[in-house]
2 protein chains.
Amino acid sequence: MFRTRVHNLLISSDGYAAGNYVTLDKPIGDAGALFRSFDGRVIHGIQGIDDPVTVDRAMFSMWGQGIGAEIMGRRKFGPQSGEWPDDGWEGWWGEAPPFLTPVFILTHYPRESIEFANGTSFHFVDTTPVEALRLAKEAAGGLDVRIGGGPTTVSEFLQDDLIDFLHIVTVPVVLGSGVQIGEHLAALENHFIVESVSTSSGLTHQLWNRKT
Amino acid sequence: MFRTRVHNLLISSDGYAAGNYVTLDKPIGDAGALFRSFDGRVIHGIQGIDDPVTVDRAMFSMWGQGIGAEIMGRRKFGPQSGEWPDDGWEGWWGEAPPFLTPVFILTHYPRESIEFANGTSFHFVDTTPVEALRLAKEAAGGLDVRIGGGPTTVSEFLQDDLIDFLHIVTVPVVLGSGVQIGEHLAALENHFIVESVSTSSGLTHQLWNRKT
C-alpha cells in the first residue's frame, strides 16, 4: 500500500516544531535545542553508527525505509525568499544530500532542477500539495513519499488530509516561541490511531496512523 | 563499524526462546504463542505492510538494516538431523527466502550450496563460531552480520563473546518448557549497556549493546 509519511517531526514541550529566524548560519533558526537529541546518522539504517543502538535511534531509522521521493517546503531548502539570488545555492547539504531520491521543493519561484551523483535530485515546483504529491508519487516508483517538512508544509498537507503516517517526537525542551503545526487542525487525533512510547532519554515517540 | 547483530529474539515470560519438538509441520515447535505478536512482514522495512506502523513493528524493522550475511544453526534451516536425507529440502521458505544475502548454516554434515534468484544463498559449514563469523564477514561486503538463531546458536556466539548487539523481545506468554539461552551466560548483562521499552501490546523490547 502506498503511504505518504512524515518522520522525526520534533516538537518541544511547549508545542513548537521549528524555530523562528532561519538564517544562513542557523538552518533551524533558534530551535537548536530541539535537534540536540536527534541522531541523523541512522536515517538510512542503524549500521550508520558506532554508538549504541538506542530505542530513539531505532525509531529515527524509519526515515529512509521504502521511500522513493520527498516533498519539502522552500524554507527547508534554504533561507532565501522571493526571487532566487544568483548565488549558486544548492541547499544546506553540500555535494551529497542525504535524500538519495528525487525531492520536490514547493516554491512560487521555479528554477532548474539540480542533480547529484548519489541519486538525490531537487525539482522546484509552484503547485498545490495535491499536485506535488501526484508528481512525487509518480517519481517514487511504487515506494512511499515522505513529506519532509518544515512544519508549515506538514501542516498544509495535514489540512488537505494527505498524510497517512506521522512519527512525532516530543522533546523535553522549552523554546518559548517558534512554528506550530496545529492552528488549523483541531481534533486531528480523531482521524488517526495513535500509539506512544517514552524512552530513557526523555523523548516520547508518537506514531500516528491514519484511520482507513 | 562492523557489528555482529541478533534481532527479534523472542523470549517468553518464563524464559524460553523457542519450543521443543520441531517437526516438518511445526517449524518453531510448540512455541507458536511466542511468535503470535511478531510481524515478519516489516523485516525489510515498514513499507511492507498495509496495517498501522506500531512501535513493535518499527523495532522489528531493524532486522534487515545494513545486513550483508547471516549465520544460522541447522535447526533453523530444517527439522532433520544426522545425514541429509535425499528429499530436496531447501529450507522452510520456498522459492524466495527472506534473507536476500548469503546465509551460512552450521552443520556437521556439509552439503552443496543452494542459490536463489532473490539474492539469498545457503552455504553449509562444519566449523566453529569464530570461523563461521570470519566467512560471513568476508561475504558481507562491509555490512553487518546477523546471527539468525535459533537460540542455541545465539547462546554459543554469546559464550564466545562474538555478539555486539542483541534485540531481545520479551513476550507475555507462558510456554512451560522449551529452549533457554542463559545456561552458560550468568552475569552477561555486565558486558552490555541495556535499554528497555515497553509497548501497548505488552511486549518489552530490550536493546543490548556490548560495551567497547
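Which charged end sits over the ring of Trp84(B)? Select Arg111(B): its charged end is 4.7 Å from the ring centre. A charge counts as over a ring if NZ of Lys or CZ of Arg is within 6 Å of the ring centre and within 35 degrees of the ring normal.

Before moving on, some ground rules. This is a predicted model, where local features need pLDDT of at least 70, side-chain atom pairs count only at pLDDT 80 or more, and totals for chains, interfaces and linings use all residues. Residues are numbered from 1 along each chain as its sequence is written, chains are lettered from A in the order in which they are written, and side-chain values use heavy atoms, leaving out hydrogens and water.

**Stop 1: another charge over a ring.** Stay in chain B. Select Arg146(B) and Trp63(B). The charged end of Arg146(B) sits over the Trp63(B) ring, 3.4 Å from its centre.

**Stop 2: ring pairs in chain B.** Rings of Phe, Tyr and Trp (its six-membered ring) pair if their centres lie within 6.5 Å; planes under 30 degrees apart are stacked, over 60 edge-to-face, the rest tilted. By this rule there are 26 aromatic pairs over all chains. Select Trp89(B) and Trp92(B). They pair edge-to-face, 5.1 Å centre to centre, with 90° between the planes. Trp89(B) is buried at 13% relative accessible area. Trp92(B) is partly exposed at 22%. Buried means under 20%, exposed over 50%, partly exposed in between (1.4 Å probe, protein chains only).

Next, select Phe99(B) and Phe122(B). This pair is also edge-to-face: 6.1 Å between centres, 70° between planes. Phe99(B) lies in the loop between helix H3 (74–77) and strand E3 (102–106) of chain B, and Phe122(B) in strand E5 (residues 121–125), so the pair ties together parts 23 residues apart in sequence. Helices (H or I, at least four residues) and strands (E, at least two) are DSSP runs, numbered from the N terminus. Phe99(B) is buried at 4%, and Phe122(B) at 0%.

**Stop 3: strand E5 of chain A.** Five of the five residues are buried, so E5(A) is largely enclosed by the rest of the structure. Ser121(A), His123(A) and Val125(A) point one way; Phe122(A) and Phe124(A) point the other.

Strands pair if DSSP finds at least two bridges between them. Strand E3 (residues 102–106) of chain A pairs parallel with E5(A) over five bridges. There, Phe104(A) stands opposite His123(A). Strand E4 (residues 114–115) of chain A runs antiparallel to E5(A), joined by two bridges. Ile114(A) stands opposite Phe122(A).
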